[in-house]
Amino acid sequence: MRWTKTKMLIENLICEKLNKRLKVNATSYNTSLGEQRRIWITLDKKEIFNASSAHFLNAHDKLWDEVRNRTSKPFPDCLYECFPELVGKENDLDYSLMILEQRNIFNVNLVYDSLVQYSNFSIEDALISKDIIVQALALIDKRLGKRRLENLEFNSGTHPLVMKFFQIRCEGEGISNSNFLTN
């Protein structure tokens, strides 16, 4: 799907209180390293989310340097030793992606795929999706009513991006969100 159509579909699903304020952007750069992509979301022209291929690749390299400095075990045991809190949550191939996502560093290609697929989700499926981008978008979606928004509960393990979009929506709707965290 072309980016302009994806952008239009996403922005048409943004709730009324935020639809003039929130914008989704994407660009591609051709460099000597190949195509570099960037996706960002702004609120009142201030960037609130960013995913770029250059930043992701740099962070991925730093993650592996961090792992190599902490252990000499082979993959995937090296990750299990360095990040035991994530053992069993993902298959071995997605383990480093999950670590970076917990650090708010997203693979721009996966973000793009999430944006393309988002309009096909029902709001119920989007809210319980394992995809952090889909969950975050669901919180600013006009299909999520104010009453249901007020009744949402989150635990301390909820991703910071999801909580950020929740806070943005609550502020936009004039809802106090101080009592939405559960254990």
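I looked at Ser129 first: its side chain reaches the backbone nitrogen of Asp131 at 3.0 Å. I count a polar contact as N or O atoms within 3.5 Å, one able to donate a hydrogen and the other to accept it; residues adjacent in sequence count only if both atoms are side-chain atoms.

The model is predicted, so I note the rules: local features need pLDDT of at least 70, side-chain atom pairs 80 or more, while totals for chains, interfaces and linings use all residues. Numbering runs from 1 along each chain, and side-chain values use heavy atoms, without hydrogens or water.

I placed Ser129 in the loop between helix H6 (123–127) and helix H7 (132–139). Helices are DSSP runs of H or I, at least four residues, numbered from the N terminus. Ser129 is buried at 11% relative accessible area (buried is under 20%, 1.4 Å probe, protein chains only). Beyond four places in sequence, I found Ser129 in contact with Phe121, Val134 and Gln135 (heavy atoms within 4.5 Å).

Next I checked the second largest pocket. Its lining includes Glu124, Leu127, Gln135 and Arg148. H6 and H7 each supply at least two lining residues. By class I read six nonpolar, one polar and three charged residues.

Then I turned to helix H5 (residues 108–118). Val108, Val111, Tyr112 and Leu115 are among its buried residues. At the start of H5, a side-chain oxygen of Asn107 comes to within 2.8 Å of the backbone nitrogen of Asn109.

Notes. Buried means under 20% relative accessible area, exposed over 50%, partly exposed in between (1.4 Å probe, protein chains only). On a 1 Å grid over the protein atoms alone, a cavity is a set of points where a 1.4 Å probe fits but cannot get out, and a pocket is an open set with protein on both sides within 12 Å along at least five of seven lines; lining residues have an atom within 4 Å of a point. Ala, Val, Leu, Ile, Met, Phe, Trp, Tyr, Cys and Pro count as nonpolar, Asp, Glu, Lys and Arg as charged, and the others, Gly among them, as polar.
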